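Please read the points below with the model open beside you, taking them one at a time.

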Number of protein chains: 2
Amino acid sequence: MTTTAKISRRGPRRALTGDDILEAALSLLDEGGPAAASIRGIAAKVGVAPNAVYTYFPDKAAVVQAVVEHLLGQVNHAIVADENLPWTQRIEHLALDLRERLSAHPGAVSLMIGGPMDGPNALALNERLMEILVDSGLHPSDAARASYLLIVYVFGSIALEVAELGETRQARPEAERIAERRAGFSAIPAGTYPLSAAAASTMAAYVSTEQYVWGLHRVLAGIGGPPNPTELPPHR
Amino acid sequence: MTTTAKISRRGPRRALTGDDILEAALSLLDEGGPAAASIRGIAAKVGVAPNAVYTYFPDKAAVVQAVVEHLLGQVNHAIVADENLPWTQRIEHLALDLRERLSAHPGAVSLMIGGPMDGPNALALNERLMEILVDSGLHPSDAARASYLLIVYVFGSIALEVAELGETRQARPEAERIAERRAGFSAIPAGTYPLSAAAASTMAAYVSTEQYVWGLHRVLAGIGGPPNPTELPPHR
DNA sequence: CTTTCATCCTGTACGGCGTACAGTATTTGT
DNA sequence: ACAAATACTGTACGCCGTACAGGATGAAAG
């Protein structure tokens with residue numbers, strides 16, 4: 001999607017492209033988290049003086065924003081659409097794929113929720129969700145609301161997940177992490193937090209694929225359910 | 001909840017309390033966002049040398065974590081419980097109150113989702129949600145899952161909201177903001193994003209109390225609905 | 001072909017950050 | 001009265017983002 005404009009300028013040729021910088025930033029982000037993705041670090045990685053970066057981006061905020069858009073675009077492009085499946089499964093596929101691909105760059109997740117996220121690729125994701133929802137028969141304005149609800153759920157889940165697991169990638173088995181967490185939760189005082197203490201085992205698995213799809217299913221059920229159920233769905 | 005231990009030490013008396021630092025940090029956070037809440041800024045605000053802060057907290061991360069816990073505790077304490085209302089309304093009250101009180105400190109929101117959020121006050125919030133959910137008849141383990149879903153929704157919403165509105169408080173009427181956003185969205189190319197362009201008016205109100213409760217109602221409906229609805233709730 | 005000049009990149013520098021280290025003043029226990 | 005422990009200050013180091021000035025480059029203008 002990066003259109004090579006190829007306009008001829010008047011000075012020396014550029015040693016870099018904007019994408020070089022973005023990819024360098026992204027790899028630094030993956031290795032050392034947001035702290036490592038400094039202007040000076042990026043410049044060193046691509047082999048120029050620190051302030052050479054300002055030829056391509058006006059300031060660091062612009063770099064960050066571009067990195068987010070870059071990542072969002074490549075993720076968005078990598079996820080294939082499953083036409084002619086039930087809408088719930090289409091969204092589930094999309095949501096699971098999003099989680100997997102975004103969690104691969106945990107350092108970037110903090111940056112996403114640190115800015116407006118209103119670039120074209122964010123819009124494309126919204127469009128994509130709305131397509132499925134309108135296809136399912138929802139009125140466009142409800143589809144828009146539902147799309148945002150899904151975005152909140154997906155990005156909220158991933159953000160909390162990254163907050164819990166840290167901003168640099170760690171390839172540890174999920175079961176191991178959960179077991180460790182369960183051990184920590186066994187110390188919850190049952191006197192002050194009786195319900196949490198009783199559900200410690202479930203809470204240990206808060207950050208897991210299973211919990212993610214569980215919550216997603218509830219959200220989908222809420223979206224697909226009757227239009228005004230909250231007035232009286234008495235306690236289960 | 002801050003237990004004054006009053007143990008006598010051997011050196012000079014402390015000029016500050018830990019809470020002095022936390023409140024200074026919080027007010028700086030409100031005035032100038034996370035960037036303003038620097039160790040040096042906090043120290044200047046309470047009238048000591050920068051490194052005097054390290055008498056009370058080992059490093060900046062500890063200060064941040066303590067600020068989050070502090071805020072979470074005071075918010076948690078300020079929200080009054082409405083017993084003997086339907087569980088959906090009890091949660092709605094809680095969720096609306098949480099949003100209002102946390103949005104009052106937008107600079108702190110970025111810090112919350114930047115760390116694990118597993119302190120006692122976070123646990124207390126979980127306990128509180130679980131109380132309502134178990135009361136409504138949910139099995140404890142499902143209540144735990146539902147509690148986390150709600151936490152994801154509430155904090156995810158607020159995080160995206162802050163990302164959109166900025167990290168320093170702004171007392172502008174909601175309607176004005178939305179109108180401005182709608183004007184910006186009118187430029188969406190209907191060729192590439194037809195559905196988004198058609199729903200631009202709804203999307204302009206993504207960050208609003210109305211959208212927040214709309215999404216919350218769907219989530220509540222999903223929680224209160226049948227246990228396995230996603231297998232076949234065909235397109236509406 | 002030569003000159004002009006916009007442009008890219010570098011070197012240097014400034015102010016701010018977190019925080020490590022050493023020193024000094026203050027209070028308590030012996 | 002003295003010693004030990006503690007709170008705070010002054011100073012300094014290595015990062016950070018980035019402003020500014022100067023030199024190399026190469027296309028456009030003469």
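How many nonpolar, polar and charged residues does the surface near DNA strand D have, by class? The points below begin with that.

1. The surface near DNA strand D has 10 nonpolar, seven polar and 11 charged residues, where Ala, Val, Leu, Ile, Met, Phe, Trp, Tyr, Cys and Pro count as nonpolar, Asp, Glu, Lys and Arg as charged, and the others, Gly among them, as polar.

2. Please keep in mind that this is a predicted model, in which local features need pLDDT of at least 70 and side-chain atom pairs count only at pLDDT 80 or more, while totals for chains, interfaces and linings use all residues. Residues are numbered from 1 along each chain as its sequence is written, chains are lettered from A and ligands numbered from 1 in the order in which they are written, and side-chain values use heavy atoms, with hydrogens and water left out.

3. DNA strand D is surrounded by 28 residues, and the closest are A:Arg13, A:Arg40, B:Ala15, B:Ala49 and B:Asn51; a residue is near a strand if one of its heavy atoms lies within 4 Å of it. Of the atoms of DNA strand D that come within 4 Å of the protein, 66% belong to sugar and phosphate.

4. A backbone N or O atom of A:Pro12 lies 3.2 Å from a base oxygen of DNA strand D, and a backbone N or O atom of A:Ile39 lies 2.9 Å from a phosphate oxygen of DNA strand D.

5. Chain B can be laid on chain A with an RMSD of 0.1 Å by a turn of 180° and a shift of 0.0 Å along the axis, the superposition being by least squares on the C-alpha atoms of residues with pLDDT of at least 70 in both. The two copies are thus related as by a two-fold rotation axis.

Definitions and conventions:
A polar contact is a pair of N or O atoms within 3.5 Å; within protein, one must be able to donate a hydrogen and the other to accept it, and residues adjacent in sequence count only if both atoms are side-chain atoms.
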